[in-house]
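Please keep the view open while I talk.

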Amino acid sequence: MLMNVLKGTVSQLRTIGMVFMHSFRKRETLNYPEESVYLPPRYRGRIVLTRDPDGEERCVACNLCAVACPVACISLQKSEREDGRWYPEFFRINFSRCIFCGMCEEACPTSAIQLTPDFELGEYRRQELVYEKQDLLIDGPGKDHDYHFYKVAGLAIAGKDKGKARNEAEPIDVKTLLP
Amino acid sequence: MATIHVDGQRYDVDGADNLLDACLSLGLDVPYFCWHPAMGSVGACRQCAVKQYKDADDTQGKLVMSCMTPASDGTWISIDDDEAREFRASVIEWLMTNHPHDCPVCEEGGHCHLQDMTVMTGHDRRRYRFRKRTHRNQYLGPFIAHEMNRCITCYRCVRFYRDYAGGTDLGAFGANSNVYFGRHQDGVLESPFSGNLTEVCPTGVFTDQTHSERYTRKWDLQFSPSVCHQCAVGCNISPGERYGDIRRIENRYHGEVNRYFLCDRGRFGYGYVNRDDRPRLPEWRSERDEGRVTLEVDAALDRGADRLRSARRVIGIGSPRASLESNHQLRELVGEGNFSTGIVAAEQRCLSLMHELGRSCGLPTPTIRDVEDHDAVLVLGEDLIQSAARIGLAVRQAAYARRESLAAERSIPAWNDAAVRTLGQDDYHPVFIAYPTTTELDDVCAANWALAPDDIARLGFAVAHEIDADAPAVADLDEATRAAARDIAARLTAAKRPLVISGGSLGSEAILQAAGNVARALARRACHGSLLLVRREANSTGLAMMGGEPLEWALDELDSERADAVVILENDLHRRLPGPRVDRALDAAATVVVLDHQRTATWEHAHLGLPAAAFTEADGTLVSLEGRAQRFFQVFDPAYIRPETRIRESWRWLHALRADVLRHDVGDIALDAVTHDCARRYPELAGIIGAAPGADYRVRGLKLAREPHRYSGRTAMRAHIDVSEPRAPQDPDSPFTFSMEGYNGYDRPREEVAFAWAPGWNSPQAWNKFTDEVGGHLRAGDPGVRLLAPRPGDYRYATAIPEGFRPRDGEWQVVVLPRLFGGDETSSRAAPIIERAAPTALTLSADDAGRLGCADGALVEMSSDAGSLTVPVRLDPAFPAGMIGVPAGLDPSLVAGGRARLAVAAAARSAAGEAPPPRAGGADSHADRGDRS
């Protein structure tokens, strides 16, 4: 019994001492928001839509991000421009549902949708967390500087005819008699 | 029966099948491309290789193409064998060497057979480093988009288009690695079955252009089992919806009706459902000259009920394009004596006659699949491709089936397509067609006659007399017709299963009587034949069974002020009777209530317009021309994406209106209650309850899912309206949910399948998982119940044989020629159909044109008592003289059987051919119907 009281008291005093000693350690807590937080470039935060190196929208509205999204918070509609490019007529992310898992980014075949190191999405009204395309689209290529989907894909668009994509031969002339 | 051993397992299969067919029927996954259950095997793609062993002790084995190997008794094969696996993976890799890297921008992605097969064989890395062969695309019309780079040269497209559907303008060009599938030059695909290329093509070469503009992946569409409303055949379809719009129509497999194929009107004619000008709120005006105001549901019902309650007598005009339930509720609202079917008298007489013949001619009505099993066909007065296209395709298969019987004599299996076709060449089962002009089945028919309706009837009566001498003989028959009749009679009686097809397209009761006589004559000789009678609209058959007065009667009641209020259900009267006649009657009525989903000319007359649900937003039952009652289910809730809409099913509106008129509590009502009520009320329709399972149907305690389990965007698609998602819409009317929650599998048989999906099978080929055997029937039985059965009895021959047709001077007999594109009320409001429809033109014989002095394409003024019309003419050398063919959907003032005068239009003489011809299918404006004077 006496032994236990002694042990307990020593333990308590030791703890108080340790806590006290922490006041002389380097502080880990940041004074957010006065001090900014360092986030690694691969941090999975706010989602953006990027543009290809030519400055055109990268998203081709293939719907793969939407289907990969485990909380189904992405919704978009395909449309087609006069030059033959597919693009999303609207592209909506409900950030009040988003869990920042990055599945959309992994699914994206054109590097259009990317997660950025930004978590500052606080709003007073939940409705403000619904982002439309104009809120999502940025002006640069994001993390992937070079990829240009239409230069790889066989679909012809204005300015890139059949046979002009990477690794493509000139179109066949079906009416020729030569083998 | 045969016993085969697959990977050591013993199975009993049908020995007449090939191994691929047998394995797929057993539920084993074997990849394939060129084989198609409806088209047999050619062994072109080498994808379905399996290892075959001599016997149980053979360990060496050899690779065979399972589609080209019979499933004979004692076959030992292995699908899982390493060598076979590797072979199949290599085949895919070769096929993919030229495939463009464009799945994200491909309208096939997500329901692509090539994707499925690539995943199934395990090919996932491109090793081929060299250049890809490319092709240029073609413009193929408003229905089909072309992207030739995706082709894997399986030849399915041309095999379907040319060999199955009889098209001529799609072919294979080039050789070896350059093979190209397309037309000889850009242009609209002519075949009315071109839409099936989108499902037949295993990859994205041919895709649905009507869907492309606002494309959605298959997994993102909400489906329901539905029935095509564009004609009376009753093909099963799966419409897919996204964001409140119907995006595409997919074929829904039905073992007895459409099986794998639809016509283009059914597949691409859905656009009217998405029109922006559709009424979406109740509209009201108390006097005709006032502007319309939109109302809430309760206010609209109250005002409508007030007016109907104070009316002396209310007439109800039903519709053959509305469901049985809606028509029934209307009849309940106005009372039996005040109900009109909304069908013009002449057509209704034909419908009643067809209904009577269906029971009393002694021959049964075949199902569409059954049509293909007949070995002699007589078509009287129907252009099947225009009036019931899917039946036309079935008749074509009936003609082709001759090849299979020839092959059977030489023990060539029916699935060996190339051999069967080479053997058969142009040898067809006899098909005889009598119709005023040429038809698209003429290339397979033994003989065809371009005759006036009365002469068609006389030919039919003569055939009946030749088959059975007791049938009345035709007086003053010319020798050529007699010889023709004798020939037809001989071929029909020689056949194992003769089929007689006729219908109401030409509006001639005499033709129907003649067809009935032929059927009776065949029945008396105890032939195992059938009689098929073609109706015009989706529910014409059902409405004929329900009964009611014709449309003219309803207008007369209003005209003569015996009634002062009218409720019109989903029916544009202006497309049935001359405009002035309809206007006069509607102006005489003190109250006009119109329920419709289209802003029609009749809607413009409404005091109260109630926005009805189109077939994609409603449930209901239709009776198809073979007497099959089939239920269609609501695809989506229009108020989910557009909360401001007040669209309701017509039967719901009418129920509420009736309760309001009677000052009852409206309460709620579900479909099952209305269907049961309807079945109780009309003894002939008692079977409709069994057309589909009721709302309490469950599979493993689950409702059935309308959405594939991958359905995306649930928490974002409505977030711009309100970030808090509402509860998913509830469906009290059917066993389906408006979500992916619920059963969507294939292992528990069920009749009603909203969409076909099985693990690894995203393309329409997934239907193989739902059928008892490949190309067979749904495992739970095919949906729908047949209501028509012949009643035994001693029936008399019809004796009213018309006189032969004689041209009159200065007067032409009007026949309305049905049109696939632009000929019906609803699909002719869809943009792609308007684009595809041929320019409106009157058909005139070359002789008459010479006499009139007009050339092909010249404008002609056609006038009758009811009005006049200036339209270009098309000269047809085969067309009988003394008649004028008016394309359906043009102007109801010139109905069949009437007579008209013709004159070369004055305007035409001065500016010949300069004015563009009026487009077909008046969708938006009355100007579309030609220049009325």
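This is a predicted model: local features need pLDDT of at least 70, side-chain atom pairs count only at pLDDT 80 or more; totals for chains, interfaces and linings use all residues.

**A helix, a sheet and an interface**

Let me start with helix H19 of chain B, residues 551-559, which lies across strands E17, E18 and E24 of chain B and runs at about 155° to E17(B). Residues are numbered from 1 along each chain as its sequence is written, and chains are lettered from A and ligands numbered from 1 in the order in which they are written.

As for terms, helices (H or I, at least four residues) and strands (E, at least two) are DSSP runs numbered from the N terminus, and the angles, from 0 to 180 degrees, are taken between N-to-C directions of axes fitted to C-alpha atoms, for helices over the stretch in contact.

Chain B as a whole has 26 helices and 38 strands. Its radius of gyration, taken over C-alpha atoms, is 28 Å, close to the 30 Å that the globule rule (2.2 Å times the number of residues to the power 0.38) gives for 933 residues, so chain B is as compact as a globular protein of that length. Along the principal axes, the C-alpha atoms of chain B fill a box of roughly 90 × 80 × 60 Å.

Now to the sheet: 7 strands of chain B form an open sheet with mixed pairing, in the order E16-E15-E26-E25-E24-E17-E18, where two strands pair if DSSP finds at least two bridges between them. Strands E16 (293-294) and E18 (339-340) of chain B stand at the edges with a single partner strand each, so one side of each is left without a neighbour in the sheet. Strand E15 of chain B, residues 283-284, pairs with E16(B) in the antiparallel sense over 2 bridges, and there B:Glu283 stands opposite B:Thr294.

Finally, how many residues of chain A are in contact with chain B? Counting a contact when C-beta atoms, placed from the backbone, lie within 7 Å, 40 residues of chain A touch 34 residues of chain B. The largest share of that side of chain A, 6 residues, comes from E2(A). Strand E6(A) also pairs with strand E6 of chain B, residues 132-134, in the parallel sense over 2 bridges, with B:Thr134 as the bridge partner of A:Pro171.

Technical notes:
Two residues are in contact if their C-beta atoms, placed from the backbone, lie within 7 Å.
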